[in-house]
Amino acid sequence: MSFWLQPKRYRRRIAIGLLILASVIYVVYSYVPDAPIHNCFQIVHGTGDDPDDNKLLNDVQQSTPQPTDDGRNVFFHETSCSRDGIVRLNARQACAVESAARANPDWSIYVLFAAPVGFRNQTEQPILDALLSYRNVHLRFVNLTTYANGTPLEEWMESGEIFRSLYMNSHLSDVMRYLTLYKYGGTYLDLDVIVQQSFEKLEPNYAGAESVRWVAAGVMNFDPKGQGHELAEMCVRDLLANFNGKDWGNNGPGVVTRVLQKYCHTRSTVHMTRERCRHFTVYPIETFYAIQYEDFKQFFEEQYLEQALVTLNHSIVVHVWNKFSKSHPVRVGSRVAYGVLADKYCPKVYGSCGTVF
């Protein structure tokens with residue numbers, strides 16, 4: 001029988017039931033618990049009785065060496081919560097770091113963990129051992145309580161707004177990349193990349209187009225001084241003004257795209273040239289994002305190997321779109337593009353990760 005032909009009392013009961021169900025769904029999907037998220041970023045010191053206690057990574061703000069003031073720094077951010085305080089990177093993340101270190105041996109490569117982690121219990125991790133064999137790789141943690149002090153984001157971070165985001169891990173990464181480039185200058189990279197060429201030949205202050213409309217935030221460089229620092233501050237202030245914890249892309253590519261649209265007086269990434277943007281360059285799609293996210297399977301299927309390698313031949317950085325590709329395994333030794341590139345550009349990590357990369 002049609003809903004509208006039901007007796008009135010039954011229609012009322014059904015309507016009430018639907019309202020209750022809708023309310024439950026809303027609560028489940030909109031509620032973001034505060035305490036567990038806050039707790040996993042808290043610094044917890046050991047008792048001192050265990051020799052493995054207190055072996056946290058050094059705070060990047062207090063450690064030596066400090067990021068240099070010449071912009072020759074590369075920053076990666078790992079913003080996952082940590083329940084056990086152990087440093088962890090998977091093989092693909094470590095590959096990104098190794099490829100950057102190999103391509104830029106005279107630059108400092110920093111992997112910044114948002115959670116206070118360390119090497120407690122001397123956990124054996126061959127991937128990390130391979131990574132730490134590079135003298136220019138530095139693992140550090142970021143004290144979220146103090147990292148924004150003295151910046152436009154100080155009060156906003158204290159408010160805890162970031163921890164109420166529906167995409168907390170991703171949005172914390174967005175916040176940290178802009179904040180780090182504002183504080184130190186240099187190059188930010190996502191952890192799902194492979195660096196094929198040195199950054200030495202690139203003039204400071206750049207990002208890459210993902211499309212005609214969008215500037216991507218997976219590869220960005222801001223000089224520590226001058227117009228680079230001015231742009232980094234503009235990004236931080238845009239983030240402060242426009243942060244949206246319910247929109248996945250608003251706080252990452254949305255920030256740098258909005259800022260450059262105003263700065264360069266154009267809405268098209270094609271026109272964001274160094275001349276028009278006052279010493280800032282938005283490189284064309286093939287420079288950092290030659291294989292678009294719609295075609296990410298080209299990295300994982302043997303039939304696309306030659307096509308993918310030709311497409312990526314002139315790319316400085318290869319972006320593999322972890323959001324879409326993370327569930328696609330690569331068997332070590334297989335002839336797929338991601339594996340071939342890893343074998344070439346991050347050989348120590350690729351050789352130490354076991355049978356699956």
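Which hand does the crossing of α7 and α8 have? The crossing of these two helices is right-handed. The model behind this report is predicted.

## Helices α7 and α8

Helix α7 spans residues 226–242, and helix α8 spans residues 253–264. The two pack at an angle of about 120 degrees. Their axes lie 9 Å apart. Angles of 65 to 115 degrees count as roughly perpendicular, and those over 145 as roughly antiparallel. The α7/α8 angle therefore makes α7 oblique to α8.

On the α7 side, the contact is made by Gln 227, Glu 230, Leu 231, Met 234, Cys 235, Asp 238, Leu 239 and Asn 242. Helix α8 brings Val 255, Val 256, Arg 258, Val 259, Leu 260 and Tyr 263. By class, the α7 and α8 contact has 9 nonpolar, 2 polar and 3 charged residues.

## Helices α6 and α7

Helix α7 also packs with α6. Here the angle is about 145 degrees, and the axes are 8 Å apart. The crossing of α6 and α7 is left-handed.

From α6 come Val 175, Tyr 178, Leu 179, Leu 181 and Tyr 182. They meet His 229, Ala 232, Glu 233, Cys 235, Val 236 and Leu 239 in α7. The α6 and α7 contact has 9 nonpolar, 1 polar and 1 charged residues. Cys 235 and Leu 239 of α7 take part in the contact with α6, and also in the contact with α8.

## Helices α3 and α12

Helix α12 covers residues 337–345. The axes of α3 and α12 come within 9 Å and cross at roughly 45 degrees. That angle makes α3 oblique to α12. The crossing is left-handed.

Arg 92, Cys 95, Glu 98, Ser 99 and Arg 102 make the contact from α3. Tyr 338, Ala 342, Lys 344 and Tyr 345 make it from α12. The residues of the α3 and α12 contact divide into 4 nonpolar, 1 polar and 4 charged.

## The largest pocket

How much space lies in the largest pocket? The volume is about 1200 Å³. The lining holds 40 residues. Nearest the pocket centre lie Ser 170, Asp 190, Asp 192, Trp 248 and Lys 323. By class, the lining has 15 nonpolar, 15 polar and 10 charged residues.

Which elements give two or more residues to the lining? They are β1 (73–78), α3 (91–103), α6 (168–183), β7 (215–222) and α11 (322–325). The largest share, 5 residues, comes from α6.

## Backbone details

The peptide bond from Thr 64 to Pro 65 is cis, with omega near 5 degrees. Pro 65 sits in the loop between α2 (35–39) and β1.

His 265 is found in the loop between α8 and β8 (281–283).

Definitions and conventions. Residues are numbered from 1 along each chain as its sequence is written. This is a predicted model: local features need pLDDT of at least 70, side-chain atom pairs count only at pLDDT 80 or more; totals for chains, interfaces and linings use all residues. Side-chain values use heavy atoms; hydrogens and water are left out. Axes are lines fitted to C-alpha atoms, for helices over the stretch in contact, and angles run from 0 to 180 degrees between N-to-C directions. Helices (H or I, at least four residues) and strands (E, at least two) are DSSP runs, numbered from the N terminus. Angles under 35 degrees count as roughly parallel, over 145 as roughly antiparallel, 65 to 115 as roughly perpendicular and the rest as oblique. A crossing is left-handed if the near helix is turned anticlockwise from the far one by less than a right angle, and right-handed if clockwise. Contact means heavy atoms within 4.5 Å. Ala, Val, Leu, Ile, Met, Phe, Trp, Tyr, Cys and Pro count as nonpolar, Asp, Glu, Lys and Arg as charged, and the others, Gly among them, as polar. On a 1 Å grid over the protein atoms alone, a cavity is a set of points where a 1.4 Å probe fits but cannot get out, and a pocket is an open set with protein on both sides within 12 Å along at least five of seven lines; lining residues have an atom within 4 Å of a point. Grid points are joined across faces, edges and corners, and a volume is the space filled by probe spheres set on the points.
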